[in-house]
Amino acid sequence: MYGLAVGSGSGASSMCGICGTVERSGKHAQQDMLLAMTRSMVHRGPDEEGIYLDKEAGLGFRRLSIVDLAHGHQPMTNEDQSVWVVFNGEIYNHKNLRKDLIHRGHQLKTESDTEVLVHLYEEHGVEMVHLLRGMFAFAIWDVRKREMVLARDRFGIKPLYYTHSPNGLLFASEMRSLLASGQINRQLNHQALWDYLTFQYVPDPQTILADVQKLPPGHYLRYRQGNIDMTRYFTPRFLEREDWTESEHVDRVRQSLEDSVRLHLQADVPYGAFLSSGVDSSSIVALMKKYDTEVKTFSVGFNDASGWYNELASARDTARALGTEHREISVSAAQFAERLPEILQALDEPIADVSACALYFVAELAAEDVKVVLSGEGADELFAGYPIYHEPRSLKMFSQFPSWVLRAIGGVAGRLPAGLKGRGFLERGSLPLERRFVGNAKIFSEEAKSMLMEQFFRTHSSFHVTDPVYQAFADLPEITRMQLIDMHTWLPGDILMKADKMTMAHSIELRVPFLDNRVLEAASAIPESMRIQGRTTKAILRKAVRDLLPENVVSRPKLGFPVPVSTWLAGSMGEMALEWIVESPLMDWLSKNEVESLFRRHQEGERHLWRELWTLVTMAAWLNHFLQPKSVSSDYSMVGAQQSLTVGW
């Protein structure tokens, strides 16, 4: 058994890229392979590199220094070197955990949260995950048991990919790291492509590659002697407290947010925040100001003739009102097109959320001044902030009709011209919640996918992703069930994945104070009747921060990071996008006539189809970069086997 650390720079906290392997058949872990895997993720940790080898097992690490800059080198071990860890994330309650460990007789040599994990494992085993308050993906090699343990945080803030084969186990923070191992079969997963066209991302636990999976949020995995044992240790739930008054809910939300932001400000490097024009990011910034008078904020906008896609003026006004040191960037169509290939490559896996591009530009701006940014992700899922959550109330009239009437309404709606006003209302009203809502993005319907991929036999619908969640929470109100669908799928698969990849591409750490254990407890206790009041979403959250923000910010509807891609695809960028698609391996599975029809109808203004087009552009770009012969072997064959996960709810 021996450890090897290579690289330069000082120690770090835990924001990084991790990877590792456990070989079978008597083979030893290869240093060269681990180095190739770690060096493919230099952007995640430019400050230092570390490798540990122990016969069949190996751990790799790239570091970004955040806390305890002089100590905490990884891979890290305990006193007798029987436990080794690599860790990506931050444990915000590590100081309290440290005190308890010392009280129990453990000797800790650093201020690093990573060392706390080592000793927590000694004390509690893998069940230590229940004690952690933070974001994390970590791997622990138990030398005595010859067992590798992988774990991912409750919300899925930090990613963790793995592949399991007769040759053993490989894992990494990014898919590109697994590809760099040279051990991955690059067959695409047919079911995952089908699901991607619905969701605009590949839902956990699948990835677009048949042999690679994501460890789902709130899970840990134990690998020993070629066998995987996976356990779900956390499931988000809503435990409403009708016996509390509205003012009590407001106070609990405010207290939990203040506590979370305070903990998220732990850093020994400069930090700041992303600031849009809405209540989520503004609330975070306002609470940061309670603990630090000097806060840096960063915003992005896009040049568009209508001005609809540029919120810079509003963000600037908010920054001025809150007294921050503010910087902004405005991106033109030409700049967007020029940088688009590198943006889509930085995503690491296909995610067709165009706001990822906005995150890329604003993260690049922030990286000039800070190493840590706080942001408002998660507020909409926890506090019911998306406009679509109004839908159950607007469709309530349809609940009075028997099923045969609803089927008739759906049949009539299906025969109406596409795009006709009212058709969508009738279609959605005729469907049960389980078939009309699969998350915040529904790009192609099952029927549209059948036309687009006409030469493929569909063995599974995409409802296999959401049906288990609906079944697990069948007795809850519709808005609550919609939130839970988003928390199980959209939040980890889209929102958090793009946030991690776009910030780490510029070697900065993103922290999300809304996604905290205590904040979830406060949010999940709010009765559904209080979450949305009239046309106001996130009603309790808005009341909890009203005294901190200008009134126009508190009442402003959700906009996010709008990007004028619809306009750009109707212009010259459309020709470039169509060329990307038709010249990519993606066309091996698509109908060229259908793809060209989508572009024609969008550019002629017949229908707004930019989301569908962007979903195809993103997948084509991923295939062109990651699966072209110039970088890897070009096996474009498809497999139809569905990757499944059976867990206890």
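User: Which residues is Y201 in contact with, leaving aside neighbours within four places in sequence?
Analyst: This is a predicted model, and in it Y201 is in contact with D195, Y196, P350, I351, T489, W490, G493 and D494.

User: Where does Y201 lie, and is Y201 buried or exposed?
Analyst: Y201 lies in the loop between α5 and β12. Y201 counts as buried because its relative accessibility is 1%, and the cut-off for buried is under 20%.

User: What separates the C-alpha atoms of Y201 and V118?
Analyst: Those two C-alpha atoms are separated by 34 Å, with Y201 and V118 sitting 83 residues apart along the chain.

User: OK, sheets. What's the strand order in the open sheet with six strands?
Analyst: The order is β5-β6-β7-β8-β13-β14, and the pairing is antiparallel. At the edges you have β5 (76–77) and β14 (227–232), each of which pairs on one side only.

User: Which helix packs on that sheet?
Analyst: Helix α3, residues 113–124. Helix α3 touches β5, β6 (83–91), β7 (134–142) and β8 (147–152), and its direction makes about 125 degrees with that of β6.

User: How many residues of β6 are buried?
Analyst: Nine of the nine, so β6 is largely enclosed by the rest of the structure.

User: And how many bridges does β6 have with β5, and with β7?
Analyst: Two bridges join β5 to β6, running antiparallel, and T77 has W84 in β6 as its bridge partner. Between β6 and β7 there are nine bridges, again in the antiparallel sense. In that pairing, E90 stands opposite M135 in β7.

User: What sits between β5 and β6?
Analyst: β5 and β6 form a hairpin with five residues between them. Q81 is in the turn and has a positive phi of about 60 degrees.

User: Other end of the sheet: how many bridges join β13 to β14?
Analyst: Six, with the two strands running antiparallel; β13 covers residues 219–224. L221 has M230 as its bridge partner in β14.

User: What's the phi of Q225?
Analyst: The phi of Q225 is positive, about 50 degrees, although Q225 is not a glycine. Q225 is in the loop between β13 and β14, and it counts as exposed because its relative accessibility is 65%.

User: And what about the phi of S25?
Analyst: For S25, phi is near 60 degrees, a positive value in a residue other than glycine. S25 is placed in the loop between β2 (15–23) and α1. At 67% relative accessibility, S25 counts as exposed.

User: What does T38 touch?
Analyst: Not counting residues up to four places away in sequence, T38 touches C19, E49, I51, G60, F61 and R62.

User: Switching to the sheet of five strands: what's its order and pairing?
Analyst: That open sheet has the order β17-β16-β15-β18-β19, with parallel pairing. β17 (325–331) and β19 (509–511) stand at the edges with a single partner strand each, so one side of each is left without a neighbour in the sheet. The twist averages 30 degrees from one strand to the next.

User: How do β16 and β17 pair?
Analyst: In the parallel sense over seven bridges, with β16 taking up residues 296–302. V300 stands opposite I329 in β17.

User: Which strands does helix α7 lie across?
Analyst: Helix α7 (residues 279–291) lies across β15 (271–274), β16 and β18 (372–374), running at about 155 degrees to β15.

User: Last one, the surface. Which residues make the nonpolar patch?
Analyst: M397, F401 and F425 make a nonpolar surface patch of about 260 Å².

User: Where does F401 lie?
Analyst: In the loop between α12 (391–394) and α13 (403–415).

Note on methods
Residues numbered from 1 in each chain as written. Predicted model: local features only at pLDDT ≥ 70, side-chain atom pairs only at ≥ 80, totals over all residues. Heavy atoms only, no water. Patch = residues over 30% accessible without salt bridge, like charges linked within 9 Å, V, L, I, M, F, W, Y side chains within 5 Å. Areas by Shrake-Rupley, 256 points an atom, 1.4 Å probe, with all protein chains shown as cover. Salt bridge = Lys/Arg side-chain N within 4 Å of Asp/Glu carboxyl O. Helix = DSSP H or I, 4+ residues; strand = E, 2+ residues; numbered from the N terminus. Pairing = 2+ DSSP bridges. Contact = heavy atoms within 4.5 Å. Axes fitted to C-alpha atoms, helices over the stretch in contact; angles between N-to-C directions. Buried < 20%, exposed > 50% of the residue type's maximum accessible area, 1.4 Å probe, protein only.
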